[in-house]
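Here is a short briefing to read alongside the model.

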Amino acid sequence: MRKTTQQTRRLLTIVSLLASFWFTAFIKIRGRSEEIDKKRAVLLRRHIEQLGSVFVKFGQFLSIHPIFLPPLYSAELFYLLESVPAFATEDVVKMFEEEFSQHPEALFESFTREPLAAASFGQVHEAILKSGKKVAVKVQRPQIEQIVAQDIFLMKLLVKMVDILPLGPNKFSDMVKEFELWTKEELDYVTEAQLTEEYATFVNRKRRTQIFAPKVYKKYSTKRILTTEFIEGVTISKILLALRNNDKKFLEELKRMGFSQKELALQITNESLKQIYLQGFFHGDPHPANIIFTNDARLAYIDFGICGRLTKNERIIALRYARFFWLQDWENAFDEILQLCDTSRIKNIQQFKRDFIKLFSTRSDNQPRKGSSQFRASNFIHLMLQLLQKHNAVLPINTMLYYRTVLVIRNVSFFLYPEMEAKEVIQGLKHISILNVVAELPSLFTKEKRMKQLARLINFFEKEIIS
């Protein structure tokens, strides 16, 4: 009975705030312009902040989700990433007592009770191990699992009513289900520790010392507390804010650390391409607060609460799509994207193809020569996903995570380096394509397959000569 009463009160609070937002944004504020839409976006962010940690996390999810909100709203919700209040010190101590049966000061040589940063589901404290090693300790918010379960249950009730409206095949219910899976993974720090170590093993094996993940200290980690190597540096989110606000003092300090907007943008882009297309295992939530520019000018990826995986087949198709897309070969790009979708509900594939080619060829007509355009005027990934929605082409969750990750990285990179050209991206894709082929050569050229592959190669060149 008590639980039902709490849920009812919470539902009334949510509905009341949503109604307040709708009335203020669309009744009191009238008209259509970029300035007015900006005001509405700010109102949306403020109302989400009032709803608390789960809705703040959902707002973060929306800020990097390319289908349901216009880019202006998504950009404003980005500011939710750094605006979550910390929770009480006594709750931190209580969490340690429940997980380790002792106070944090007894477990560590020293423990700073004032948090360094707070997020929707937890906050980070600085500590020193008995060995003298400096570490970052992430502590989960008290009762967050129950709070998340309640709020997601209420979200599901609300979106059922929204999904009655004819808004396309990508329903809000599907998005809430994806969010639910995301939050379950983020609430299990044991899983996050395993994913962090998996990523660290990969980068160490590849000897890419400029990119790394923090070391995990399992002895001091549980399902609700995670202890990792302390990373000295600045989050990319703080760098983006400094650039946006033209904080000259902060930017000068960054330059002394070896910061270059262009080099950082290319490094983030190329690293993400390698994660996705070579490894098939990638950071699934690479928002700017989860990437740190370190004091020695390296990049550290943190918070591996959600990661994406692509099969070998999916990686190759996605890579081919990306290559054709950046080369503006729209026909071949369409053929590849079609292979990544559930096409069972598409009514007219030929019309879909015509719309796809028309959309992108029209928008690229005013760009410089083929292969060197800057693609910065429009959000091409956003447009593509909207077109998929229009024609009832549904992307599976793992593929949607891939596109959302690409979208986030694209936005971060282009904000850092607006002059980034397609040829710079294409160069990275070509390099990865070659590495993929080289990696598969031993299996491709076994004794049994050698003649078959040679025949295919000859056929290919003969077709090129004839055409």
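Predicted model: local features only at pLDDT ≥ 70, side-chain atom pairs only at ≥ 80, totals over all residues.

Helix H17 (residues 397–416) comes within 8 Å of helix H12 (residues 261–279), axis to axis, and within 11 Å of helix H10 (residues 236–245). H17 also gives the largest share of the lining of the largest cavity.

**H12 against H17**

- The axes of H12 and H17 cross at roughly 165°, which makes H12 roughly antiparallel to H17, since angles over 145 degrees count that way.
- The crossing of these two helices, H12 and H17, is left-handed.
- On the H12 side, the contact is made by Gln-261, Leu-264, Ala-265, Ile-268, Thr-269, Ser-272, Ile-276 and Tyr-277.
- Facing them in H17 are Tyr-402, Thr-405, Val-406, Ile-409, Val-412, Ser-413, Phe-415 and Leu-416.
- Sorted by class, the contact of H12 with H17 holds 11 nonpolar residues and five polar ones, with no charged residues.

**H10 against H17**

- The axes of H10 and H17 cross at roughly 45°, so H10 is oblique to H17.
- This crossing, of H10 and H17, is left-handed too.
- H10 brings Ile-236, Ile-239, Leu-240, Leu-243 and Arg-244 to the contact, where they meet Val-412, Phe-415 and Leu-416 of H17.
- Seven nonpolar residues and one charged residue make up the contact of H10 with H17, and there are no polar ones.
- Val-412, Phe-415 and Leu-416 of H17 take part in the contact with H12 as well as in the one with H10.

**Cavities**

- How many cavities of 30 Å³ or more does the structure hold? There are three.
- The largest cavity contains about 350 Å³ of space.
- Its lining is made of 24 residues, and those closest to the centre of the largest cavity are Trp-326, Ile-381, Val-406, Arg-410 and Val-425.
- Helices that each supply at least two residues of this lining are H12, H13 (312–326), H16 (380–390), H17 and H18 (422–444).
- Which helix gives the largest share of the lining of the largest cavity? H17 does, with seven residues.
- By class, the lining of the largest cavity has 19 nonpolar residues, four polar residues and one charged residue.

**Linking the topics**

- Val-406 of H17 belongs to the contact with H12 and is also among the residues closest to the centre of the largest cavity.
- H12, which is roughly antiparallel to H17, likewise supplies at least two residues of the lining of the largest cavity.

Methods:
Residues numbered from 1 in each chain as written. Heavy atoms only, no water. Axes fitted to C-alpha atoms, helices over the stretch in contact; angles between N-to-C directions. Helix = DSSP H or I, 4+ residues; strand = E, 2+ residues; numbered from the N terminus. Parallel < 35°, antiparallel > 145°, perpendicular 65-115°, else oblique. Left-handed = near helix turned anticlockwise from the far one by under 90°. Contact = heavy atoms within 4.5 Å. Nonpolar A, V, L, I, M, F, W, Y, C, P; charged D, E, K, R; others polar. 1 Å grid on protein atoms, 1.4 Å probe; cavity = no way out; pocket = protein on both sides within 12 Å on 5 of 7 lines; lining within 4 Å. Points joined across faces, edges and corners; volume = space filled by probe spheres on them.
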